[in-house]
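Open the structure in your viewer and keep the sequence panel beside it. The stops below say what to select and what is found there.

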Amino acid sequence: MKRTYLGEFEELVLLTVAVLHESAYGVAITDELDRQTGRSVSISAVHAALHRLEEKGMLKSQMGEATAERGGRRKRLFTVTALGSRALHDIRAMRDQLWDSISPTALPAISI
């Protein structure tokens, strides 16, 4: 099977959808990204990433129920697919393997 690569922002969006689980829609994802990363991102950048991830088969979406807070409009809710889950697990395993391969003396010490 051909491996699909993700850019950093796509990875963050996919992770954020997983964090929000059943409450993952555009504005909530944007707000959570800002809260978790301290990065201010535009809603249009998030929507573009969501669209790309859905085209790659890593996300699926469905329309939620109408809500009064949105004037009766429905939200498009996103969930991670099995392919998206596999991609995130593969990325994590690769990063862990790389971190475990770094010699303790290879990186300068930092204060956290």
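This is a predicted model: local features need pLDDT of at least 70, side-chain atom pairs count only at pLDDT 80 or more; totals for chains, interfaces and linings use all residues.

Setting aside neighbours within four places in sequence, T16 is in contact with I29, E32 and L33. T16 itself belongs to helix 1. Is T16 buried or exposed? T16 counts as buried because its relative accessible area is 6%, and the limit for buried is under 20%. A polar atom of the T16 side chain lies 2.7 Å from the backbone oxygen of L12.

**The nonpolar core**

Next, select V13. Not counting residues up to four places away in sequence, V13 touches I29, L33, A49, L50 and L53. V13 is also one of the residues with the most contacts inside the largest nonpolar core, together with I29 and L50. That core has 22 residues. Which elements give two or more residues to the core? They are helix 1 (8–20), helix 2 (26–37), helix 3 (43–55) and helix 4. Colour these four helices separately to follow the contributions. Helix 1 supplies the largest share, five residues. As a general point, nonpolar side chains in soluble globular proteins tend to be buried together.

**Salt bridges**

Now turn to the charged side chains. How many salt bridges does the count come to? The count is six. In general, side chains of opposite charge can pair when their charged atoms come close.

Start with R39 and E8. Their side chains meet in a salt bridge, with 3.5 Å from N to O. R39 sits in the loop between helix 2 and helix 3 while E8 sits in helix 1, so this pair ties together parts that are 31 residues apart in sequence. R39 is partly exposed, at 33% relative accessibility, whereas E8 is exposed, with a relative accessible area of 54%.

Move on to R95 and E11. This salt bridge has its closest N and O atoms 2.7 Å apart. What does the pair tie together? R95 is in helix 4 and E11 is in helix 1, so the pair links parts that are 84 residues apart in sequence. The two ends fall into separate accessibility classes: R95 is partly exposed at 41%, and E11 is buried at 12%.

Then select E10, R52 and K56 together. These three residues are linked in a network of salt bridges.

**Before helix 1**

Leaving out residues up to four places away in sequence, Y5 touches E10 and K56. Y5 is located in the segment before helix 1. With a relative accessible area of 61%, Y5 is exposed, because exposed means over 50%. For a distance to check in the viewer, pick the C-alpha atoms of Y5 and A48. These two residues are 43 residues apart in sequence and 16 Å apart in space, C-alpha to C-alpha.

**A loop residue**

Select H21, found in the loop between helix 1 and helix 2. H21 is exposed, with a relative accessible area of 51%.

**A surface patch**

Where in the chain does W99 lie? W99 lies in helix 4, which spans residues 82–101. W99 is exposed, with a relative accessible area of 58%.

Definitions and conventions
Residues are numbered from 1 along each chain as its sequence is written. Side-chain values use heavy atoms; hydrogens and water are left out. Buried means under 20% relative accessible area, exposed over 50%, partly exposed in between (1.4 Å probe, protein chains only). A nonpolar core is a set of buried Ala, Val, Leu, Ile, Met, Phe, Trp, Tyr and Cys residues joined through side-chain atoms within 4.5 Å. Contact means heavy atoms within 4.5 Å. A polar contact is a pair of N or O atoms within 3.5 Å; within protein, one must be able to donate a hydrogen and the other to accept it, and residues adjacent in sequence count only if both atoms are side-chain atoms. A salt bridge is a side-chain nitrogen of Lys or Arg within 4 Å of a carboxyl oxygen of Asp or Glu.
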